[in-house]
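Subject: Structure handover and notes

Dear colleague,

Please find below the structure I promised to pass on, followed by my notes on what was found in it. I would be glad if you could read the notes with the model open beside them.

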Amino acid sequence: IEAGKLQLRPAPFALRSLIASLEETHGPVAAQKGLALDVIVAPDIPDSLLGDESRLRQILGNLLNNAVKYTVRGQVTLQVVRDSSAPVFQPSPFNFQPDERLAFIVTDTGPGLPPEKIPQLFTLFTRLDSGATFTREGTGVGLALVRRLCDLMAGTVTAANRPTGGAEF
C-alpha cells in the first residue's frame with residue numbers, strides 16, 4: 001500500500017458467506033470471553049456483490065478483532081445496511097448500484113475511545129493504550145491499514161464513542 005502497488009481485485013462474491021466466515025472466526029473468541037457476537041445483515045442487501053472480498057474480509061476482521069479484544073463484557077455487533085446518505089466521491093467498481101453504498105458498522109460495549117485520541121486512531125503505529133495501560137498485543141498498524149484499504153475502495157472509515165458506551169466503527 002505504501003508503495004502504491006496494491007492492486008484491488010474486484011470479483012463477484014457472496015456477502016453472506018463472507019459474513020458467516022467472519023462470525024465463525026470471531027464468534028468462538030468472543031464466546032470464550034463471555035461476549036455475544038451479533039451479526040445483522042439487512043434483508044434488502046443483495047447477497048451477490050462485486051468487490052475485493054479478501055480486502056473487505058481484512059477490514060472487517062480487523063475491526064471485529066479489535067472490538068472483541070477491547071470489550072470485557074457485553075457484546076460486539078456487525079451490522080450491514082444500505083447507506084444512501086454517504087456521498088460517492090469517485091466511481092468505484094465496489095458500488096453494486098452507483099447511487100447507493102453499503103455501511104458495515106461494528107459496535108461494542110467496551111470502554112470506548114479516549115475522545116482526544118480519536119483523530120490519531122487511523123495513524124500508522126498509533127495505539128490508544130500506552131504506559132501502564134499497555135496490556136494487549138498489537139503494533140498500531142491495523143486501523144491505519146483499514147483506513148488505507150477503505151480509501152482504495154472509494155470508501156471511508158470513522159470511529160466514535162456510542163452514547164450508551166463502547167465504540168462504533
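Helices (H or I, at least four residues) and strands (E, at least two) are taken here as DSSP runs and numbered from the N terminus. The model is a predicted one, so local features were required to have pLDDT of at least 70 and side-chain atom pairs were counted only at pLDDT 80 or more, while totals for chains, interfaces and linings use all residues. Residues are numbered from 1 along each chain as its sequence is written, and side-chain values use heavy atoms, with hydrogens and water left out.

Salt bridges

With a salt bridge defined as a side-chain nitrogen of Lys or Arg within 4 Å of a carboxyl oxygen of Asp or Glu, the count comes to 3. In helix 2, R57 pairs with E53, with 3.1 Å between the closest N and O atoms, and because these two residues are 4 apart in that helix, about one helical turn separates them. For accessibility I use buried for under 20% relative accessible area, exposed for over 50% and partly exposed for what lies in between (1.4 Å probe, protein chains only); on that scale R57 is partly exposed at 32%, and E53 is partly exposed at 27%.

A second salt bridge joins the side chains of R16 and D47 at 3.7 Å, N to O. This pair links distant parts of the chain, since R16 belongs to helix 1 and D47 to the loop between strand 2 (36-41) and strand 3 (48-51), 31 residues apart. R16 is partly exposed, with 30% relative accessibility, and D47 is partly exposed as well, with 33%.

The side chains of D44 and R82 also meet in a salt bridge, at 3.1 Å from N to O. D44 lies in the loop between strand 2 and strand 3 whereas R82 lies in strand 4, so the pair ties together parts that are 38 residues apart in sequence.

Nonpolar core

Taking a nonpolar core as a set of buried Ala, Val, Leu, Ile, Met, Phe, Trp, Tyr and Cys residues joined through side-chain atoms within 4.5 Å, the largest one has 36 residues, and L15 and F169 have the most contacts inside it. The elements giving two or more residues to this core are helix 1 (15-32), helix 2 (53-70), strand 4 (75-82), strand 5 (102-108) and helix 3 (142-152), with helix 2 giving the most, 7 residues.

Contact here means heavy atoms within 4.5 Å. Neighbours within four places in sequence aside, L15 is in contact with V41, I45, P46, D47, L49, V80 and F104. V106, which is found in strand 5, is buried at a relative accessible area of 2%. Again leaving aside neighbours within four places, the contacts of V106 include L63, L64, A67 and F169.

Helix 2 and helix 3

Where do helix 2 and helix 3 stand relative to one another? Their axes come within 10 Å and cross at roughly 145 degrees, where axes are lines fitted to C-alpha atoms, for helices over the stretch in contact, and angles run from 0 to 180 degrees between N-to-C directions. The contact is made by R55, Q58, I59, N62, L63 and N66 of helix 2 and by G142, L143, L145, V146, L149 and C150 of helix 3.

Best regards
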